[in-house]
Amino acid sequence: MEISHSFFRRRRSNGGAGTRLGTEVAKDYSRERRQRMKKFDQNRKDLNGLKHISTSKDWKLLYFEHGRPGLEEEVRKFKGLCSYCELNEICSLPKPVTGVWRCKYYKATSSKKTSLYENVIKQLEMAEDIVHFDRDICKILADTMNELVVHFPVKMDDGNVKVLTGYRVQHNNALGPFKGGLRFHPLVDIDEIRALATLMTWKTAITNIPFGGAKGGIQLDPAEFSPKELEKITRRFTYSLGNNIGPEYDIPAPDVNTNPQIMAWILDTYMSTVAPTERNRCIHVVTGKPVESGGSQGRNKATGQGIVFLIEKWAKDHGFNLKGATFMVQGYGNVGSWAARLLKRHGAKLIAVEDVSGAIYRKESIDPDDLADYVKEHNGLVQGYPRAQSIDHERFMTTKVDIFIPAALENQITSETAELLNVKLIAEGANGPTTPEGDKVLLSRGIDVIPDILCNSGGVIVSYFEWLQNKRSEFWDVREVDQKLHKMIVSAYERVRDAARRHKVDMRTAAQIVAVSRLEMVYKERGIFP
Ligand code: NAD
């Protein structure tokens, strides 16, 4: 088996592991860690999961091992040690985060944002190790085609001018026009958009739709702007993108913190900048529009609907009864709330929900529709929902349920949090919610995963339907949309499941294999210009 190729490694690293600096730090850390671990091993005694290390004059030191739900309350009574690096340092933080105490050292290293793009490339490498794809084609796919960064001024309500930064990354268009969402979030950066654009290429390839992959975003916190300001920002960003988007070239759609209204503003701005004779020929420049403005029936719920179709399929394959099954959702926006509401129709019970404002829990079940109504009236947040108790992140992650639907942001299931989870299936609504290290833990713990590039592809599938309807001046009813979505997403699932069996790999690696195999075939057939 060939070790990973250098072309995967050469990209824009920001000082993380793999760079010279990163490697030296890692070496020092390993040496120090070995010495300290030796001391640590001499001291510790097992105490029902709480590992008693030593008792000094001032501290009763306890070590909390991951993945032992129910012990948090007991552990919280004591000052703890960092269970990540085992440096035997007393944590400087006031309370445990995600079930572990973190020492000063951990804080320092974790202040760097995990590179989602590096994770995406690692997944490509893993598939490449199994199937040995054509090296040249992997070289092409390991890079993005076009990257646009725009800085644009917008006049705020108070008369001041703010300069914002927006991105559009086009990863690949071998299979058709670039396609991918637009995200408004303060943590948006080029690394994240590159990664998400790449994931879009895999997604469209797996589902056999004639699109490539792209993604865009603006680095901002929408909560800091008035609706009027958000409209101006959206319109000015669209104007800045100019001909880099277009109905037959690159087609945006909603993603985190963007919605049909924002798509309508993009459409209107784009239409206003083309010749009057062209205006009605470019309605498919965005998908996920309001139905009245040319959107498709069923698009708003499409990603959640696709997730539920796949959970149903997984349940059928595993002889698992969804009636009475329990689940929890992270993120109660478009994807999370629709997935929850549609899963309820199969008799499954929502037990816990987490969003950016906190987490809630109810043993007997939370009504997803009632929660959706509450969230709509409370700035999109679950906090304060009166018919459930509030819990912390750690408690949320350790909740015992059958199915977990992460539907918020990336890098949520790490090697640490994967140890905490007490679930049978993870249906990934979010893009990139699991790190490669988290994946290893899930695999070793026998937790099934329906990977993001397959699981949340319902959105792009129905976007494709919207694009087709716009081009043909057709309107399909929601039943027709759902039937077509079901057929497409379930056959994608079957392709991935069969590849997993054939290559004896997990579903994520199999999904990657299916995607790259399709792209490889197309590149081989067409050759490389000139
Ligand atoms: P959204 O803006 O409607 O909702 C995002 C949700 O995540 C909100 O409830 C928010 O409170 C929550 N959240 C944000 N940060 C969080 C944190 N740190 N911890 C817990 N919760 C947090 O976005 P969406 O459209 O539902 O997208 C959610 C995920 O699904 C994203 O990863 C997105 O890329 C992916 N996705 C969306 C679509 C789509 O059609 N909208 C399609 C495919 C994939």
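A polar contact here is a pair of N or O atoms within 3.5 Å. The model is predicted, so to speak, by record: local features need pLDDT of at least 70, side-chain atom pairs count only at pLDDT 80 or more, and totals for chains, interfaces and linings use all residues. Residues are numbered from 1 along each chain as its sequence is written, and side-chain values use heavy atoms, with hydrogens and water left out.

Select the ligand first, and then Val356, where a polar backbone atom is 3.1 Å from an oxygen atom of the ligand. The protein covers 87% of the 830 Å² of accessible area that the ligand has on its own (Shrake-Rupley method, 1.4 Å probe).

Next, show the 22 residues around the ligand, of which Asp255, Asn257, Thr303, Tyr332 and Asn431 come nearest; a residue counts as near if one of its heavy atoms lies within 4 Å. By class, this shell has nine nonpolar, nine polar and four charged residues.

Now move to the second largest pocket, which holds about 340 Å³ of space. A pocket is an open set of points on a 1 Å grid over the protein atoms alone, where a 1.4 Å probe fits, with protein on both sides within 12 Å along at least five of seven lines, and lining residues have an atom within 4 Å of a point. Select His318, Asp448, Val449, Asp506 and Met507, the closest to the pocket's centre among the 18 residues that line it. Finally, colour α18 (478-503), a helix (a DSSP run of H or I, at least four residues) that gives the largest share of this lining, four residues.

Technical notes:
Points joined across faces, edges and corners; volume = space filled by probe spheres on them. Helix = DSSP H or I, 4+ residues; strand = E, 2+ residues; numbered from the N terminus. Polar contact = N/O pair within 3.5 Å; in protein donor to acceptor, adjacent residues only side chain to side chain. Nonpolar A, V, L, I, M, F, W, Y, C, P; charged D, E, K, R; others polar.
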